[in-house]
Amino acid sequence: MKNLSIIFILSLYLFSTTELIQLLKMPILISHCLEHQKNNSKLTVGQFLIDHYNNHQQDGDGDTDQKLPFIKHFNSLTITAIYCRVSTHLPQMMSTIFFEKKTFFHDDEDRISTYINHIWQPPKR
């Protein structure tokens, strides 16, 4: 089950980000080749591929020709980068309103220093 899910996720990724999606058009290629072989019994698969993929001339079935695999390519992977410039400059008004220093009635430094002094005393027996 684990291997099956890995294969599924890998194939989903490859089909969505590469041209492997074109392989799903292979039945159209086979049926179009068979149609041309009905009209010309001496036509081989190699000749069909050369005719359709190397300087193809219009023969009245242009819609089907455009549906063949690897005729049209599309960019399936688009990378988008977003750049945001954040301003670090605070207006003077905000710095005076929100960051003003408050004064207390008692001195906190003495309280902290005496507390720390009690922590770092040597152990007593």
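A polar contact is a pair of N or O atoms within 3.5 Å; within protein, one must be able to donate a hydrogen and the other to accept it, and residues adjacent in sequence count only if both atoms are side-chain atoms.

First, the ground rules. This is a predicted model, where local features need pLDDT of at least 70, side-chain atom pairs count only at pLDDT 80 or more, and totals for chains, interfaces and linings use all residues. Residues are numbered from 1 along each chain as its sequence is written, and side-chain values use heavy atoms, with hydrogens and water left out.

Now aspartate 65. Find it in helix α4, residues 62–66. Helices here are DSSP runs of H or I, at least four residues, numbered from the N terminus. Is aspartate 65 buried or exposed? It is buried, meaning under 20% relative accessible area; exposed is over 50%, and partly exposed is in between (1.4 Å probe, protein chains only). What does its side chain touch? It makes a polar contact with the side chain of histidine 52, at 3.2 Å. Leaving aside neighbours within four places in sequence, aspartate 65 is also in contact with residues including His32, His56 and Ile71. Contact means heavy atoms within 4.5 Å.

Next, lysine 25. It sits in the loop between α1 and α2. Proline 69 is 44 residues away in sequence, yet 5.3 Å away in space, C-alpha to C-alpha. Beyond four places in sequence, lysine 25 is in contact with Lys67, Leu68 and Pro69.

Last, tyrosine 53. Look for it in helix α3.

Conventions. Helix = DSSP H or I, 4+ residues; strand = E, 2+ residues; numbered from the N terminus. Lys, Arg positive; Asp, Glu negative; His and termini not counted. Salt bridge = Lys/Arg side-chain N within 4 Å of Asp/Glu carboxyl O.
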